[in-house]
Amino acid sequence: MSSPEYCLSGHPTLPCNVLKFKSTTIMLDCGLDMTSTLNFLPLPLVQSPRLSNLPGWSLKDGNAFLDKTELIDLSTVDVILISNYHCMMALPYITEHTGFSGTVYATEPTVQIGRLLMEELVNFIERVPKAQSASLWKNKDIQRLLPSPLKDAVEVSTWRRCYTMQEVNSALSKIQLVGYSQKIELFGAVQVTPLSSGYALGSSNWIIQSHYEKVSYVSGSSLLTTHPQPMDQASLKNSDVLILTGLTQIPTANPDGMVGEFCSNLALTVRNGGNVLVPCYPSGVIYDLLECLYQYIDSAGLSNIPFYFISPVANSSLEFSQIFAEWLCHNKQTKVYLPEPPFPHAELIQTNKLKHYPSLHGDFSSDFRQPCVVFTGHPSLRFGDVVHFMELWGKSSLNTVIFTEPDFSYLEALAPYQPLAMKCIYCPIDTRLNFIQVSKLLKEVQPLHVVCPEQYTQPPPAQSHRMDLMIDCQPPAMSYRRAEVLALPFKRRYEKIEIMPELADALVPMEIKPGISLATVSAVLHTKDNKHVLQPPPRPAQPTGGKKRKRASEDIPDCKVLKPLLSGSIPVEQFVQTLEKHGFSDIKVEDTAKGHIVLLQEAETLIQIEEDSTHIICDNDEMLRVRLRDLVLKFLQKF
Amino acid sequence: MDPECSQLLPALCAVLADPRQPMADDTCLEKLLDWFKTITEAGSSLLLLQGNPCLVELLCHMLKPQDLSSRVLAFSLRLAGVLAAQEDCFQYLQQGELLPKLFGEAGPLGGAAWTSPTVRSGWIQGLRSLAQHPSALHFLADCGAVDTIFSLQEDSSLFVASAAGQLLVHILGLSMPGPAGGPPSLQAGDWPACAQKIVGHIEESLRATATPQITQALNVLTTTFGHCHDPWTQVLWVRLSPLVAGLLEKDPVPAAHSLVDLLLSVARSPGLSSSSCGLWETLARTLSHLSPTQAGPLALGILKLQDCPQALRAQAFAVLLQPLACVLKATAQDPGPSGVLDGIVGDSMTADMLLPSKAACVGLLCRTLAHLELLLPLPQRPCPWPQAPLLGAAVTLLQLCGGSARPTSDAGRHLCGLLLGCVRVQRAALDFLGTLSEGTGPRELVTQVFAVLLEYLRSPDSSPTVLKKAFQATFRWLLSSPKTPGCWDLDPHALLFLRDLLPVLQKRLCSPCWEVRDSGLEFLTQMTRHWGGQAGFRHALLASEVPKLTEQLLRDPESYVRASAVTAMGQLSSQGLCVPAAGPEHPGGQQKSLLAELLHILSTDSEGFPRRAVMQVFTQWLRDSHADVAGDTEQFVAGVLQVASQDLDWEVRAQGLELALVFLEQTLGQPRSHCPCAVTPAVAAPVGPLAQALQPLCRVRLFEFAFRALFDCDRPVAQKSCDLLLFLRAKTASSGSLQESRSSPHVASVEAALQRWQAGDQAQPLGDLEPEVVLAVLRSLDLEGLQGALAESSDHVEKSPQSLLQDMLATVGVLGGNEADCY
């Protein structure tokens, strides 16, 4: 029996894998790769003549797309395990309109913040409805005529429109909340357990185990000390297979250095009277950035500079972060008991240094004061309030846009805004595991096999000399690529079977060797919900006559002709003597590699005696065969 | 010995001999011993003993079986040694059989006290002091001490073992004939028995298989050749060198570090003519036998030797360069036209040498860079110096550490993996690169140097210490960049570099890490000091935001940064590179002048560093007649001195005196003498009447400041003030034109006030002083006496031997006087 793993995503940080393990079908994460939005023009809040007049570009709606193939029937998926809120953005595409009827498991912060991210995405797309929608271009013949890179995009037919809030709600209603280290039984066959992964609020790695096999799914983990609970490494030990995804996307950028870079550039811009724009997600690294700035602004003399956080979910995000105390690192947890808010952004808000708004409209426009720092989405620069600020501030070289999210290429994101006078700084902050940390983790955890996306098994193409930027383990990691099915490298050999007490009572063990006893068991194997139980066999029915009864007794498996088990070995010399005693003559014995062959030349019969089998080969003389068999059996014990 | 001490000594000896009176403090015994050494060096030990019989009694007391403290026992052994160093005293002690009892089997050597390392150490040091004359040698031979010393070489205490080795060296030197002893014989039979025994022991150890034994023998020899240059040492080397060379046959070479030390010690010894005893051959063989890590120090030592065959020097240099040649080879670079690094490395060497482990690789590279850095400034450095390949190697190492190298070979990639982000190598390579700036290099290599420096200055991953070194190296390279003839400005390439550098500096000045901001400011100060007057530099700097950011850093929360910002702003302002403060802090508000800002820091900053920096800037400004100061110098000086006099930090007050001195010199029109402390009495009279000249000093209340400082509780301030006033008195001495008003009531009141000040009550101000009164007070003050008192160390009263003895007795309560303190 082997366990296949289906890879449905080509993006190692936004994984979507399906694991068939024992009799369950488990989907591991369902990330939404939105890099294709970079092919579209930004969605401005106000119609922009500049954007719509760009040659060679056509104004399109904000399509998101689902990176899936018809490799597997999604309705057969039993459960979906979510590891963090970034890896659940495709959930509505899977749970809605596919016939999916299973359960989704995720921690509470994952669900709540995931909802915020989806809500923000839907809001960004829906508030700029477009007059028409084009889809003809997806036809392969037409697509070929489009300018690069659109004409090279693969499987544009799978690109989908963004989901609606209704679909989001419906999808989220299928989620069952779980806590770290909680053991969840799936159909009795498999137990799954989420473990803290240290990357984001509520982010988890998953252990999927049966009685004899253990698969660990490590996705988006961090060993750095940031706000979430630290990563639980110990529970990953003794894994047969460790599936490793979601490593840092920028392995050459050290988060500490990048945070320093972020602060320096921010201060430099603001001191020169410029504004800073930080395109970001409404949750995650922004908490850490605000914390760093909290410590930094006084020392940098920036106390008078307003910080604006603009997102439809800004308020919820800032508040949610403060209430998930049990999911935070130890330092922040202890603050709650003081009681103090775990994150210092509460103080920034109180002192009016940080202000948050749902959108550009309304209060923001009256409070707006420059120079300032604005945190807003979406990091792709294709939709959200960030589009407006890019248009507003792009013309002045005093201003700076600082990219901190690593998901999008900043050069591509900036393409439609060229020519751009504002300064662009790229400080990607990705706290997920780098390759040095992975190698330490693997040394610590020591899985038998490592399975990972193929991108991790070779250095990045742009830095082919950096042998340190790949997973280096023994045995070498097994890799998979998009739309590939991989047989996981373990053979399942054993099943656990329970034995009913009354049946166990009835067993009579015989000691074969000192310390080893054997007993024969006659029982009925009862299998239900992937649990196997040996039950006492039904008593043979009393022959009471009557057709009905008789038929019932015929249904009982044939258990009266139970053959006894044999043990022992046949001493050849004695066996030959016995044969001679019984009238066989002209006996020849040949030694073979496995035992002996006794030839009865007269009877043209051959007896093969091997360690664990004896064969009597004779020509259609059943009488002779039975005689010989009985002679053989005399040397063996029966029980 | 003075009578007071003689009186106290018996009581002290009794205390020491009494096991119930523990000596709490070891240092007292050390001081006591030092005192005895001083006495015996100055006079006869015999007289000392005869005059103070309690000392012999103390020594005799040590022989009684009792529970004595090991410290007192060790002290007595050492004291006996000190006393017996003089031959007559030795004989005196021998009469009583005291010495054999103390140092022989009958003494502590055989007893339980011997388990204490302190006692063993005291025994060795006692013998070391004692062994000064031929009688001592006989004594050592008679009591079998040498064998004990041999065994102590393996002592578990490192101090004891090391002292035992040194004692052997000393005894060997003592037993061998001195320089005038005639030509030594090669025949061992002709050597004194004691020397034969020691040399035999060394030979035996060198033949041993255990490394510790070999190490001991090598260490003894190293010390011998290092300290003694008599002719016999050459005979000794000729006799032992085959055994030493024999060590090279073993694999691995045992005790390699000690072997290197010995060979270098022999090579440096003026008593040996190196060529005659095969030393060069041994050195060459050793170089080729040792591992690169072990051979490095030997190679450096050989290259530092004054006279040494050219071939050996070349070999040593090749060994030293080997690791860097490996780096160049692994990254597939041309080892350079000079060919010095060419052919050093065989194919197999590369991988074996550098790649076994990260720690080994990093250690070897750092040591190599440090060795080369030491070698570079020496006159005997190898010639031709492979400047270009070394530059290439330093740049490559930095690129490997920074991740910007793109090696193509497997070895290169592996090396890259080992060195990536390694701060130690980065620091060492940047230091080395900075040192290399003293030479030149081909244009494209220099371009690479600037590129890699810029890469480091830019990289967000550069640690603060690495960044500091990168700044330092950058400055050195800018200094060395070729000058346009007749112009001190930076050359065009350096100016181009500067254009890239300033944005980086801007960013670094905004770094969240204060160390980075600080080193950025220091770098700016250095650059401004050198090129602040040059058009190209001025233009580039004024076009950047750097001056404005520097001004903002005056309000940095970190005091070190504020201090560096003060210095930088002072420098910028001196060069006219300051821009008016404008920023978010003062939107449209009243802009303060830099002078006002610095005065504000001086009077309000809670930390000393920024205030000290302000004082230094002000002193410099006054010296340079800075425009802000020159306008109204008197008001400036008066203001600064008033604030400085109330400062709690003595360095600020001392710096205030420095400023006062500058003003004084300017006012009196006398060019500054080289040393401000030097009093130059016979100076020419000041220009114009003295009273007139002193008026400005009175107006800025310089004298009140100086007099107050004279009685400052911090000695350096008082000393400085004393020097200043002596200087002033000397200047005014020759001028008799001023009417002295010694008897005026004003003078009396000032003198009275000063007396109160001296007593600690400095509340009362002196008020306005007239020049005449000042001069009168100056002459009445015993400045020389004060200067003498201040020059004494603060514990000069307590340092006398009498005080030591009293203290020791007081601690055990023998002196009755202190009883009152005891409850």
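By class, how many nonpolar, polar and charged residues does the lining of the second largest pocket have? In this predicted model, the lining has 16 nonpolar, 13 polar and 8 charged residues.

The pocket itself holds about 820 Å³ of space. Of the 37 residues that line the pocket, A:Pro255, A:Asp256, A:Val259, A:Gly260 and A:Cys292 are the closest to its centre. Both chains take part in the lining: at least two residues each come from α6 (255–271), α7 (285–299) and α9 (330–336) of chain A, and from α25 (464–480) of chain B. Helix α6 of chain A gives the most, with 8 residues.

The next topic is the interface between the chains. The size of an interface is often given as the accessible area lost when the parts come together. Chain B and chain A bury about 2100 Å² between them, and 55% of this area is on carbon and sulfur atoms. Three residues, B:Pro460, B:Lys507 and B:Cys510, supply 24% of the area that chain B buries against chain A, which is more than any other three residues. In terms of contacts, 25 residues of chain B meet 24 residues of chain A.

Side chains of opposite charge can pair when their charged atoms come close. Between chain B and chain A the count is 1 salt bridge. The partners are A:Glu261 and B:Lys507, with the closest N and O atoms 2.5 Å apart. On the side of chain B that touches chain A, helices α22 (410–419), α26 (492–509) and α29 (546–552) of chain B each supply at least two residues. By class, that side of chain B has 12 nonpolar, 4 polar and 9 charged residues.

Over all chains, the structure holds 36 salt bridges. One of them is in chain B, where the side chains of B:Glu522 and B:Lys468 meet at 3.0 Å, N to O. This pair links distant parts of the chain: B:Glu522 is in helix α27 (residues 514–531) and B:Lys468 is in helix α25, 54 residues apart.

The backbone of chain A has some points to inspect. Most residues other than glycine have a negative phi, and most peptide bonds are trans. A cis peptide bond joins A:Leu338 and A:Pro339, with omega about -10°. A:Pro475 is found in the loop between β20 (449–453) and β21 (478–480) of chain A.

Which residues other than glycine have a positive phi? One is A:Lys22, with phi of about 50°, in the loop between β2 (17–21) and β3 (24–28) of chain A. Another is A:Asn238, where phi is near 60°; A:Asn238 lies in the loop between β12 (214–219) and β13 (241–245) of chain A.

Key: Residues numbered from 1 in each chain as written. Chains lettered and ligands numbered in written order. Predicted model: local features only at pLDDT ≥ 70, side-chain atom pairs only at ≥ 80, totals over all residues. Heavy atoms only, no water. Contact = heavy atoms within 4.5 Å. Buried area = accessible area lost by both parts, 1.4 Å probe. Salt bridge = Lys/Arg side-chain N within 4 Å of Asp/Glu carboxyl O. Helix = DSSP H or I, 4+ residues; strand = E, 2+ residues; numbered from the N terminus. Nonpolar A, V, L, I, M, F, W, Y, C, P; charged D, E, K, R; others polar. 1 Å grid on protein atoms, 1.4 Å probe; cavity = no way out; pocket = protein on both sides within 12 Å on 5 of 7 lines; lining within 4 Å. Points joined across faces, edges and corners; volume = space filled by probe spheres on them.
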